[in-house]
Amino acid sequence: MQIIKGIPVSGGMGIGEAIVIQPVIQTTTEITGEDAKSAILNAKKNTIELLDEFIAREPPEVADILKAHKLMVDAIVSEALEEVEKGRGAVAAINSVIDKYVKLLTASGSSLIQLRVNDLIDIKNTLLENLTQKNIEHVKKGSIIVIKEIQPSQLLRYKNQGIAGIVSERGSYTSHVAIIARNLGIPAIFGAKNVTELVKNGDLIIVDGFSGEVLINPDKNTVELYNAKKKTFTKLIQLFERAKDKHAITTDGYKVLVTANIGSEDDLNTALINGCDGVGLFRTEFYYLSRQTLPSSEEFSRILEKLANKLEEKPLTIRLLDVGGDKPLPYLSSPKENNPFLGLRGIRYLLKYRGLLKSQLQAIVMASSKQKNIRVMAPMVSTIEEIRLLKEEIKKISPKAKENIEFGIMVEVPSTLFLLDKIIKEVDFLSIGTNDLTQYLFAVDRTNEEVSHIYDDMHPAVLRAISEITKHAQKKRIPVDVCGELASNPLAVPILVGLGINELSVSPTSIPLIKWIIQNIPLERSKRLAKEVLTLENGQEVREKVREFLKEYLGENIPW
Ligand code: PEP
Ligand code: MG
């Protein structure tokens, strides 16, 4: 048996025979003249039909990505037809239009824009397949796909053929294809180096989507062990389902809100189905990114009102635009910076471009005059002055709103840790952004694979920071939540509860699991656990301690 390790991007266990997928080689013969135009239109029709089929069948998050693909297909085909008019062949026209955009986008160097590049490559392959009537390889039900890089449309087609898991050499946790795998419940591991060379067709493979381990040709005992783990996991999912409509209250009566991180209305729909207690983080930049131009404050206000209305009494926490870093908005000006994560990002950007800030605040004030459940928070705050300037802007727009809308900041820059005694006097709540807090505490770029071994949000250094923040919040009796990825990590939940966090804002599909964990642990023991892990030396030691703890309350067979 050989074991290789990658990044676990979608939980669950997959056991099956490997099918190694070779990259698509484009040895397509060119289609020219009058035939070129009709071939492109035909490929467009088939591609759109395929996308429509998936959109109708798949959950909202997946459908959302595919709707964007549909828009891109439309735009690409119109440009390709112009190329054909100029005398180009159909294959060359599609290749040149898409390659031009890929080149343009790749030059931006942003990981978020990279998602769009992957989408474009996916569309190119689908259009070319349809142009030449080439069919995707058929795989046997229960197979494990082993591949250099998988595209969303490929994954959806393999899913229909009943695959049991995916192992890919490339890809990241935040890529669209990873989001789709998670939503479809297909165990997946990305970043498994050289796996397409190490594995042969027909090898028996185990994909452990929790640990990130790929077991190649395991012995009989290991297969039995994993079969048992898989059974347990299937049963666990039924328990999570039952937990989602009840409050997250520990066995000794401490209530924690489990809210959602959203970027769109579809995300909110998923969160509501999964029993969210509100929205702890609406990443407004994702709404802005889904558009071609800036929304007017009326337009943005209507969106906010709609989301707040859907939540009824539950809170909607709106984060002001967090552009900059790895999230530039194509239609807004941004300076070229050597270190964008240390540059004009979040509140710094908004305070420089006041018109944009005012427009967002006006929208929030307008929406909050009709909906009472709106809270606002600022990203990337590093000084008290930024908080004051922001509050002044709110006051200028509406003195009443300043009194009525709850105002908070994200604690994600280390300077704020040492200013907390002053900050707590200025805000109604604190929200801990552990993704950035970890990045800035360790001085490690969160998107840089070279240093990803240092990035650990379960390190005692991060946990000690959270402990300090909660102590300050408790002193002033203001609520404190965690909205970074750490809140969605089952191993972190008892520690965060033990440290006194009031709210965990998690990915919409993680809500049932997180509620289930809270419903099964006691606060008093969680407090002791939290105290203990703060004295440890590294994240690995912390994880080991929590595993022992969780086994005691959730049973021996938990998969984390
Ligand atoms: C964070 O930094 O933890 C966070 C929630 O914000 P984002 O990931 O959008 O930077
Ligand atoms: Mg952040």
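Predicted model: local features only at pLDDT ≥ 70, side-chain atom pairs only at ≥ 80, totals over all residues.
A search of the whole structure gave seven aromatic pairs. One of them joins Tyr 287 and Tyr 288. Their ring centres lie 5.9 Å apart. Tyr 287 and Tyr 288 are both buried. These two tyrosines also belong to a cluster. Ring pairs link Tyr 287, Tyr 288 and Phe 300 within that cluster.

A further pair is formed by Phe 549 and Tyr 553. Here the centres are 5.0 Å apart. The planes stand at 50 degrees, which lies between the limits of 30 degrees for stacked and 60 for edge-to-face pairs. The pair of Phe 549 and Tyr 553 is therefore tilted. Both residues lie in helix α23, which spans residues 539-554. Phe 549 and Tyr 553 are four residues apart in this helix, so about one helical turn separates them.

The burial of the two residues was also computed. Phe 549 has a relative accessibility of 3%. That value is under 20%, so Phe 549 counts as buried. Tyr 553 has a relative accessible area of 25%. This falls between the cut-offs of 20% and 50%, so Tyr 553 is partly exposed.

Charged side chains also sit over aromatic rings. The charged end of Lys 229 sits over the ring of Tyr 226. Its distance from the ring centre is 4.7 Å. The charged end of Arg 375 sits over the ring of Phe 429. For Arg 375, the distance to the ring centre is 3.9 Å.

Methods: Residues numbered from 1 in each chain as written. Chains lettered and ligands numbered in written order. Heavy atoms only, no water. Phe/Tyr/Trp six-rings, centres within 6.5 Å; stacked < 30°, edge-to-face > 60°. Buried < 20%, exposed > 50% of the residue type's maximum accessible area, 1.4 Å probe, protein only. Helix = DSSP H or I, 4+ residues; strand = E, 2+ residues; numbered from the N terminus. Lys NZ or Arg CZ within 6 Å of the ring centre and 35° of its normal.
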